[in-house]
Amino acid sequence: MAEAAALRAVRGCLAAFPREARELGWTESIPYLDGPPTPLEFYREWVSPNKPCIIQNAISHWPALQKWTSAYLREVVGPKVVSVAVTPNGYADAVFQDRFVMPEERQMPFADFLDIVEKKVTSPNVFYVQKQCSNLTEEFHELVCDVQPDIPWMSEALGKKPDAVNFWLGESAAVTSLHKDHYENLYCVISGEKYFLLHPPSDRPFIPYELYQPATYQVSEDGSFEIVDEKSADKVPWIPLDPLNPNLKQYPEYAQAKPLQCTVRAGEMLYLPSLWFHHVRQSHGCIAVNYWYDMEYDLKYSYYQLLDCLTKTVKGL
């Protein structure tokens, strides 16, 4: 009887967390800023309270906004061999057939990749430049001079430089499944549009996690993909739910979540706070650059860890 009472109390706390967080200031839509803030303003108004925003006119001075046409990219990067994520369905790093499946990392000339994106060459598969190891500085360093190696007001606000600067270009069929990162993320769209679905960390009790065998797509001799298990690797906790078409019969708690959706257009920057869940789609051929700054493992991290532990405890009882 005491255990049942304790369980009810924990469930009550979990139900109250998201409601109280929304009452404390998380709005029903993502606010816009007309220009880049000062470092102090940004830290005080957005980083510290862990709130997202879209910043306009923050990258309008970047040469990339005018220069990064297909012709320019072919000229500057074209023959270079780069890493491209290839999948049969557009979902890299996602749950499929009860596995956490990672893409084939194909090495190919960038010009050949552009041929596929521009549909000069047809392929049944989905191609996406999305390697998240600071690939802009590591693989596309010829393009760094058209953007910035860091965002000065963000670097001053946090007292650090970004851990990684990533370059993204891909087909509209490429989708990033729902997940979270331990980074303060500034996501800058150069051309096209990105479509974000966001959940605050306080929605954790409504978002399902399960453990999955990690696996990788590999191309077989006939050109089709097979899923090959990474047998020596530990299981991966991942979110199996598609927030655009949630299976509420299987995951009824998700009905209580409050997703926010926004479109980030060319010339705009999204501040995506650490630990916010996000699902991402894009217009065809969209180009973006993002800056990952390591988060501070402070009170908000402890808050999330508590919420995560409580959620796991309730689901395990």
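1. The span of residues 125-308 is 11% helix and 41% strand, and its end C-alpha atoms lie 36 Å apart. Helices (H or I, at least four residues) and strands (E, at least two) are DSSP runs numbered from the N terminus. For this span UniProt gives "domain: JmjC", in an unreviewed entry; such annotations may be inferred rather than shown by experiment, and positions follow the numbering used here, with feature names shortened.

2. This is a predicted model, in which local features need pLDDT of at least 70 and side-chain atom pairs count only at pLDDT 80 or more, while totals for chains, interfaces and linings use all residues. Residues are numbered from 1 along each chain as its sequence is written, and side-chain values use heavy atoms, with hydrogens and water left out.

3. An open sheet of nine strands has the order β1-β2-β17-β11-β19-β9-β8-β3-β7, with mixed pairing; two strands pair if DSSP finds at least two bridges between them. Because β1 (32-33) and β7 (104-109) stand at the edges with a single partner strand each, one side of each has no neighbour in the sheet. Strands β2 (residues 53-56) and β17 (residues 268-272) run antiparallel and are joined by four bridges, including that of Gln56 with Glu268.
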